[in-house]
Amino acid sequence: MSGPVRRRLWRALLSLGALAVLYGIASQIGSALLPRRIWMVAHYIDDVELLPPYASLIEETVFLIQSGILPRSILVSTGRVLQGLALGAAVGVPLGLSMARAARLECLLDPWVTFFRFTPALALLPLYALWFGLGELSKILLIATAVAVVTLLGAYQGVRDVPRVYLEAALSLGASKGLILRKIVWPAALPQIFASLRIALGLAWVTVVVAELIKATMPSLGYLLALAGAYPRVPTIAVAIATIGLLVLACDTVALGCYAVATRWMKRSPAHA
Amino acid sequence: MPDPRRRRLEIRDVVHVYEGKMATRALDGVSLDVHENEFLAIVGPVGSGKTTLVRIVAGFLTPSRGVVRWDGAPVMGPSPERGYVFQEEAIFPWMTVRDNLAFGLLAQGVEASEREKIVAGLVTLIGLEGYERAYPKELSGGMSKMVEVARVLATDPAILLLDEPFGLLDAQTRSKMQDQLSRLWEEKRKTVILVTHDIEEAIYLADRVVVFAPRPGRVQAEVRVDLPRPRSLETRFSPAFLELKRSIWKEIGRA
């Protein structure tokens with residue numbers, strides 16, 4: 001591991017540690033001061049920990065892991081995210097590439113892209129539930145829609161930003177359209193496609209959690225959150241949120257690693273080297 | 001035996017107007033002939049349409065009027081027959097030196113073993129042994145320019161179009177590159193058009209220098225360079241060289 005990376009890791013650990021200590025103090029004081037009995041919708045609920053101390057959090061984590069709820073939820077939600085991501089990128093990236101390369105296609109698709117770009121995928125939830133049912137399909141399609149729009153724009157912009165000089169150089173060396181696409185356009189647009197995939201990945205996690213709120217029949221992170229909110233059990237909510245955060249972080253780290261490998265050839269500023 | 005008087009490139013009454021809010025007339029009736037294995041240099045100030053002219057010859061641009069013929073046939077678009085070296089950095093940064101050099105051969109369907117052989121020869125020619133697997137970011141500006149020249153030479157084009165190839169380099173590197181190009185040309189003997197605003201560079205390398213007048217671009221004068229080859233550092237300080245330099249400056253001053 002190089003120096004700057006280690007330094008950044010240290011800083012991250014330090015800031016997390018400071019936050020953890022602050023939370024510990026706040027929850028110890030809070031559990032004595034905050035009410036245990038709260039009014040929710042139509043009745044009182046007793047024995048609520050609004051700011052659970054570490055002891056309850058650890059207890060809850062152990063329970064969720066030992067009962068198999070958390071591991072299974074992680075598997076199910078991660079599976080949905082990855083399927084939606086793969087499907088969305090498989091549609092979005094080729095569409096974005098061809099849109100940037102064909103003016104006629106661009107005219108046809110552009111209004112639709114602009115329209116969907118600002119439509120939150122979640123607004124489509126009721127429609128998808130009606131069309132594709134309440135099962136897996138509508139959840140994965142919902143994620144795929146969000147991912148497709150973002151990756152389409154990334155691929156489109158990536159191709160548009162390929163410097164003209166590379167295309168002309170390839171043409172004057174006698175390259176065919178296919179070769180230019182494979183050896184010039186694709187590698188030159190790849191950094192931007194990767195960047196859009198990273199954004200899409202975050203969006204996929206946001207979408208999956210909400211999509212899982214509807215008619216959940218399997219343990220999943222979104223379902224766990226919905227359930228914990230209904231009881232209500234704050235420790236469960238906290239563990240679920242932390243789990244999702246860690247998963248997003250892990251996914252992002254993998255994506256960054258792939259990006260670094262795919263762009264070895266790029267000049268980098270020393271801070272990112 | 002190539003015939004030095006055989007005309008290969010014929011530029012006739014070429015006019016080019018860049019359309020837009022302010023239509024710019026970049027070229028105004030340019031006619032030029034370039035002969036077999038001739039090294040022609042075009043000099044002129046910024047905005048005299050030099051680059052526009054070579055871009056038309058390359059086939060990147062279609063002239064508004066007039067015609068460019070290569071071996072008698074009108075130029076319809078880019079072709080590996082007319083190799084082009086750009087002002088900007090044009091070697092592909094995502095390919096290694098080897099892959100850059102092999103790209104034109106790959107595009108023309110030359111098989112792998114043959115590609116290897118030609119690329120190895122080119123690497124030796126430009127003195128970059130050991131850098132075959134390096135990415136362009138690891139090369140200096142002069143080195144990557146030489147890779148670009150070699151990449152164009154790989155497919156053995158009939159004419160080399162050099163558009164201010166050394167414009168972005170510092171003076172010392174540039175003169176080194178000029179020596180290397182001059183040596184390369186003497187070895188390979190090709191038809192070349194070099195566009196430059198560096199008058200010494202033009203005289204040092206060319207057989208004939210065409211002076212362009214600015215806005216709209218047109219041919220103002222032609223100067224024949226009969227300096228003996230191979231040329232060297234001494235050439236740059238010979239009385240004949242200085243005399244040529246003086247006469248070209250005079251032409252530019254009259255514009």
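Trainee: How many of the 14 residues of helix 4 of chain B are buried?

Mentor: This is a predicted model, in which local features need pLDDT of at least 70 and side-chain atom pairs count only at pLDDT 80 or more, while totals for chains, interfaces and linings use all residues. Residues are numbered from 1 along each chain as its sequence is written, and chains are lettered from A and ligands numbered from 1 in the order in which they are written. A residue is buried if 20 or more other C-beta atoms, placed from the backbone, lie within 10 Å of its own, exposed if 12 or fewer do, and partly exposed in between; helices (H or I, at least four residues) and strands (E, at least two) are DSSP runs numbered from the N terminus. Helix 4 of chain B is mostly covered, and the number of its residues that are buried is 11.

Trainee: Which elements cover the buried residues of helix 4 of chain B?

Mentor: The buried residues include Met143(B), Glu148(B) and Leu153(B). Contact here requires C-beta atoms, placed from the backbone, within 7 Å of each other. The cover includes strand 6, helix 2, helix 3 (112-125), strand 7 and helix 5 (171-188) of chain B.

Trainee: What distance does helix 4 of chain B reach from its first C-alpha to its last?

Mentor: The expected span of a helix is 1.5 Å times one less than its number of residues. For the 14 residues of helix 4 of chain B the expected value is 20 Å, and the helix comes close to it, reaching 20 Å.

Trainee: In what order do the 6 strands of the open sheet in chain B stand?

Mentor: Two strands pair if DSSP finds at least two bridges between them, and the pairing in this sheet is mixed. Strand 6 (82-85) and strand 10 (218-224) of chain B each have a single partner strand, so one side of each is left without a neighbour in the sheet. The order is 6-7-8-3-9-10.

Trainee: What angle does helix 4 of chain B make with strand 6 of chain B?

Mentor: Axes are lines fitted to C-alpha atoms, for helices over the stretch in contact, and angles run from 0 to 180 degrees between N-to-C directions. Helix 4 (residues 141-154) packs on the sheet, touching strand 6 and strand 7 of chain B, and its direction makes with that of strand 6 an angle of about 170 degrees.

Trainee: Why is strand 3 of chain B described as largely enclosed, and how many of its residues are buried?

Mentor: Phe39(B), Ala41(B) and Val43(B) point one way from this strand, whereas Leu40(B) and Ile42(B) point the other way. Strand 3 runs parallel to strand 8 of chain B, joined by 5 bridges, and parallel to strand 9 of chain B, joined by 4 bridges. Strand 3 is largely enclosed by the rest of the structure because its buried residues number 5 of the 5.

Trainee: Which residue of strand 9 of chain B is the bridge partner of Ile42(B)?

Mentor: In strand 8 of chain B, Phe39(B) has Val192(B) as its bridge partner. In strand 9 of chain B, the partner of Ile42(B) is Val210(B).

Trainee: Is Ala188(A) buried or partly exposed?

Mentor: Ala188(A) lies in helix 8 (residues 177-211) of chain A. Leaving out residues up to four places away in sequence, Ala188(A) touches Val162(A), Tyr166(A) and Trp94(B). Because Ala188(A) has 19 C-beta neighbours inside 10 Å, it counts as partly exposed.

Trainee: How many residues of chain B are in contact with chain A?

Mentor: Strand 6 and helix 2 (97-107) of chain B are the elements that give two or more residues to this side of chain B. On the side of chain A, 17 residues take part, and on the side of chain B the number is 21.

Notes:
Contact = placed C-beta atoms within 7 Å.
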